[in-house]
Amino acid sequence: MIVDSHCHFHLLKRPESADEALREAQRAGVDYFLNVSVAFEETPNLLAFSERHAAVFTSVGVHPCGSGEDPAAEQLARQANHPGVVAIGETGLDYGDGPGDYGWQKERFRRHIAAARLAGLPIIVHSRMAPADTLRLLQDERADEVGGVIHCFVEDLATARGFLELGFYLSLSGILTFRAADALRETAAALPMDRLLVETDCPYLAPVPHRGQENRPAWVSTVVDKLAEIRSLSSAAVAQQTAENFFACFPRAGESVRSAPF
Ligand SMILES: [Zn+2]
Ligand SMILES: [Zn+2]
């Protein structure tokens with residue numbers, strides 16, 4: 001079983017539709033998907049897609065860099081009251097624009113943690129060039145009580161340990177295949193296998209040998225294969241372990257799989 005724990009079907013330009021991207025990924029052997037929200041306005045679309053496809057779970061949230069509607073915690077929690085929604089996010093901190101005042105991102109991040117607490121759901125954390133502040137905010141807000149995943153994990157082992165101590169899972173992306181990612185591969189070799197997920201983050205971060213193209217959920221197996229190589233395990237074992245971890249990280253996904261007739 002293979003799960004793409006973080007993808008954006010609705011940001012894909014190719015194939016022509018989210019439905020076609022899903023069919024392509026299913027033909028490639030990917031079983032489940034978490035279609036992650038980046039904009040609150042998109043929520044109805046994401047919910048409808050998840051209603052049509054039992055293999056697709058979804059989240060509710062606003063990306064740390066998103067400039068659209070900025071809902072209150074109660075609004076986020078209300079929208080999350082839907083069987084297809086398994087998480088709040090993606091939320092977090094993104095310092096990719098260089099030095100500046102990121103107080104508003106921290107406020108939004110805290111609001112998402114509050115929403116997760118209200119909804120009884122874990123969070124999907126986006127942390128870019130902000131490992132220390134992300135960890136501190138998660139600690140300050142007692143995010144261990146909601147749990148979740150640090151998606152696209154690229155930090156060092158010491159930072160990983162901080163997130164793991166809070167009970168968070170770490171999700172590895174196609175970056176693991178990049179030529180310049182030796183340090184990440186070394187870290188990935190030392191992380192606990194029962195706390196790792198795999199993702200594409202498509203349309204971003206196309207893995208080797210697809211660099212320069214739009215990424216797609218069908219290519220999550222490339223991340224599985226690379227992690228298998230690093231850990232001297234079979235791809236099947238890594239796929240199975242990361243799928244089990246996914247359902248442990250997002251319990252509502254597990255409930256819906258058990259209750260769905262497929
Ligand atoms: Zn992200
Ligand atoms: Zn994302």
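The chain contains 10 helices and eight strands, where helices (H or I, at least four residues) and strands (E, at least two) are DSSP runs numbered from the N terminus. The model is predicted, so that local features need pLDDT of at least 70 and side-chain atom pairs count only at pLDDT 80 or more, whereas totals for chains, interfaces and linings use all residues. Residues are numbered from 1 along each chain as its sequence is written, and chains are lettered from A and ligands numbered from 1 in the order in which they are written.

For 262 residues, a compact globule would have a radius of gyration near 18 Å, and the 17 Å of the chain agrees with this; the radius is taken over C-alpha atoms, and the globule rule is 2.2 Å times the number of residues to the power 0.38. The C-alpha trace spans about 45 × 40 × 35 Å along its principal axes.

The eight strands form an open sheet in the order 1-2-3-4-5-6-7-8, with parallel pairing, two strands being paired if DSSP finds at least two bridges between them. Strand 1 (3-7) and strand 8 (196-198) stand at the edges with a single partner strand each, so one side of each is left without a neighbour in the sheet. Neighbouring strands are turned by 30° against each other on average, direction ignored. Strand 3 (residues 56-60) pairs with strand 4 (residues 85-94) in the parallel sense over three bridges, and S59 stands opposite A87 in strand 4.

Helix 4 (residues 103-119) lies across strand 4 and strand 5 (123-128), at about 160° to strand 4; axes are lines fitted to C-alpha atoms, for helices over the stretch in contact, and angles run from 0 to 180 degrees between N-to-C directions. Among the buried residues of helix 4 are F109, H112, I113 and A116, a residue being buried if 20 or more other C-beta atoms, placed from the backbone, lie within 10 Å of its own. The buried residues of this helix pack against helix 3 (73-79), strand 4, strand 5 and helix 5 (131-140). Helix 4 is followed by G120, whose phi is positive, near 70°.

In the largest nonpolar core, which has 76 residues, I88, I123, L170 and L172 touch the most other members; such a core is a set of buried Ala, Val, Leu, Ile, Met, Phe, Trp, Tyr and Cys residues joined through C-beta atoms within 7 Å. Beyond its neighbours within four places in sequence, I123 is in contact with residues including A87, I88, H112, I113 and A116, contact requiring C-beta atoms, placed from the backbone, to lie within 7 Å.

Notes: Contact = placed C-beta atoms within 7 Å. Buried ≥ 20, exposed ≤ 12 C-beta atoms within 10 Å, placed from the backbone.
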